[in-house]
Amino acid sequence: RDGLSYDVFSAVAKAVLRAGEHPASGQIDILRGLRAETLIATGHSQSAGRLATYFNNIHPLDPVFDGGMVHGGGGRLRDDQEVRLFKVMAETDIRRRAADPQPDTNYFRQWEVAGTAHADYDFEVEYSRMRLLADGQPLAQAAPRNPGCALPTHSRVPFRNVLNAAYEHLVRWVEDGTEPPTAPRLRVARLLPDLELARDEHGNVLGGIRLAAHAVPTANNTGMNNPADGGSRFCGLYGSHEPFEAATLQRLYPTHAGYVKAVREIVGQNLADGYILPYAAARTIQAAEVA
């Protein structure tokens with residue numbers, strides 16, 4: 001049955017009417033009068049792996065999508081077809097892929113976001129809200145679970161800020177050919193016998209796209225974790241978050257104004273580089289001002 005999923009995926013995309021198209025006799029207009037200008041396929045985690053298979057083997061036979069956003073997984077992607085493919089990876093996702101990096105081309109981009117987790121704090125809170133909504137409970141009760149991992153869970157570095165910017169770039173790439181900016185990859189200290197990413201004195205990874213929460217740190221945020229005795233087998237996806245001690249914060253940021261200034265500088269650079277959108281920049285600065 002899984003093998004049929006690829007054809008189902010294409011069939012649904014073909015059912016979407018494009019700009020200027022009209023439904024044939026008896027055809028259901030699934031967008032009820034709206035028309036699509038751009039079709040982008042996207043998948044995260046397990047779905048990212050299946051989407052990579054789809055773009056490598058199925059889509060070239062009968063292209064239907066204009067672009068693809070693969071995040072949180074997926075192997076190497078074909079770049080010999082006229083479809084723009086963007087891959088955005090958290091620190092967690094690099095563990096099994098650092099040994100086989102794929103270079104950027106005119107049809108492929110990969111961004112790697114330092115300090116981010118496959119399923120981070122934002123993901124966990126939104127998942128909590130979904131469960132509360134399904135149970136008819138107040139959304140104000142939303143909170144991350146304690147999955148019993150070796151380290152405190154759920155990186156606070158906001159992966160979605162970079163992902164949202166990547167979508168904007170992908171749409172422009174498809175529609176007018178404006179190529180997205182490239183980004184540095186996470187730095188590897190050692191590949192064998194086990195992968196080790198290069199880290200600073202606090203344990204935060206080097207390289208990659210460095211958001212303010214990572215470049216101006218108040219905690220050790222990583223994409224790595226392991227289950228404690230009896231903990232969840234999914235701990236490896238949650239990353240970790242260990243706040244700095246007060247003495248470390250005082251040493252790094254003697255004044256609040258100095259901390260805010262450092263955040264502003266990094267946010268401005270991220271914005272200029274195209275790695276975040278203006279709303280995320282404003283929200284990050286506001287959070288620093290009230291920290």
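The following legends describe an overall view and several close-up views of a predicted model.

**Figure 1. Overall view of the protein chain.** The secondary structure of the chain consists of nine helices and eight strands. Along the principal axes, the C-alpha trace spans about 70 × 45 × 40 Å. Buried residues account for 42% of the 291 residues. Among contacts with a sequence separation of 6 or more, 63% are between residues 24 or more positions apart. The accessible surface comes to about 15300 Å², and carbon and sulfur atoms contribute 53% of it.

**Figure 2. The aromatic cluster around phenylalanine 55.** Tyr6, Phe9, Tyr54, Phe55 and Phe65 form one aromatic cluster. Ring centres within 6.5 Å define a pair, and by this rule the count is eleven aromatic pairs. The ring centres of tyrosine 54 and phenylalanine 55 lie 5.6 Å apart with their planes at 70 degrees, so this pair is edge-to-face. Tyrosine 54 and phenylalanine 55 are both buried. Phenylalanine 55 also pairs with phenylalanine 65: the centres are 6.5 Å apart and the planes stand at 65 degrees, so the arrangement is edge-to-face. This second pair links distant parts of the chain, with phenylalanine 55 in helix α2 (residues 46–58) and phenylalanine 65, ten residues apart from it, in the loop between α2 and β2 (67–71). Phenylalanine 65 is buried, as is phenylalanine 55.

**Figure 3. Arginine side chains placed over aromatic rings.** The charged end of arginine 109 sits over the ring of tryptophan 173, at 5.6 Å from the ring centre. In another such arrangement, the charged end of arginine 131 sits over the ring of tyrosine 127, at 4.7 Å from the ring centre.

**Figure 4. Serine 128 in helix α3.** Serine 128 belongs to helix α3, which covers residues 121–135. Its relative accessibility is 4%, so serine 128 counts as buried. When residues up to four places away in sequence are left aside, serine 128 touches Ala142 and Ala143. A polar atom of the serine 128 side chain lies 3.1 Å from the backbone nitrogen of alanine 143.

**Figure 5. Arginine 95 and its surroundings.** Arginine 95 is located in the loop between β3 (84–90) and β4 (108–113). With a relative accessible area of 35%, arginine 95 is partly exposed. Not counting residues up to four places away in sequence, arginine 95 touches Leu195, Met224, Asn225 and Gly236. The C-alpha atoms of arginine 95 and leucine 195 are 6.7 Å apart in space, while the two residues are 100 residues apart in sequence. Polar atoms of the arginine 95 side chain approach two backbone oxygens: that of threonine 92 at 3.1 Å and that of glycine 236 at 3.0 Å.

**Figure 6. Isoleucine 266 in helix α8.** Isoleucine 266 lies in helix α8, formed by residues 256–273. This residue is partly exposed, with a relative accessible area of 24%. Isoleucine 266 touches Arg210, Leu211, Ala212, Ala215 and Val216, with residues up to four places away in sequence not counted. For valine 216, the separation from isoleucine 266 is 50 residues along the chain and 7.8 Å between C-alpha atoms.

Figure 7. Leucine 192 and proline 193 are joined by a cis peptide bond with omega about 0 degrees. Proline 193 is in the loop between β5 (188–190) and β6 (196–197). Arginine 32 is not a glycine, yet has a positive phi of about 50 degrees. Arginine 32 is placed in the loop between α1 (5–15) and β1 (40–44), and is exposed, with a relative accessible area of 79%. Histidine 154, likewise not a glycine, has a positive phi of about 70 degrees. Histidine 154 lies in the loop between α3 and α4 (159–176), where the residue is buried, with a relative accessible area of 2%.

Methods: Residues are numbered from 1 along each chain as its sequence is written. This is a predicted model: local features need pLDDT of at least 70, side-chain atom pairs count only at pLDDT 80 or more; totals for chains, interfaces and linings use all residues. Side-chain values use heavy atoms; hydrogens and water are left out. Rings of Phe, Tyr and Trp (its six-membered ring) pair if their centres lie within 6.5 Å; planes under 30 degrees apart count as stacked, over 60 as edge-to-face and the rest as tilted. Buried means under 20% relative accessible area, exposed over 50%, partly exposed in between (1.4 Å probe, protein chains only). Helices (H or I, at least four residues) and strands (E, at least two) are DSSP runs, numbered from the N terminus. A charge sits over a ring if NZ of Lys or CZ of Arg is within 6 Å of the ring centre and within 35 degrees of the ring normal. A polar contact is a pair of N or O atoms within 3.5 Å; within protein, one must be able to donate a hydrogen and the other to accept it, and residues adjacent in sequence count only if both atoms are side-chain atoms. Contact means heavy atoms within 4.5 Å. Accessible areas come from the Shrake-Rupley method with a 1.4 Å probe; for residues, only the protein chains shown count as cover.
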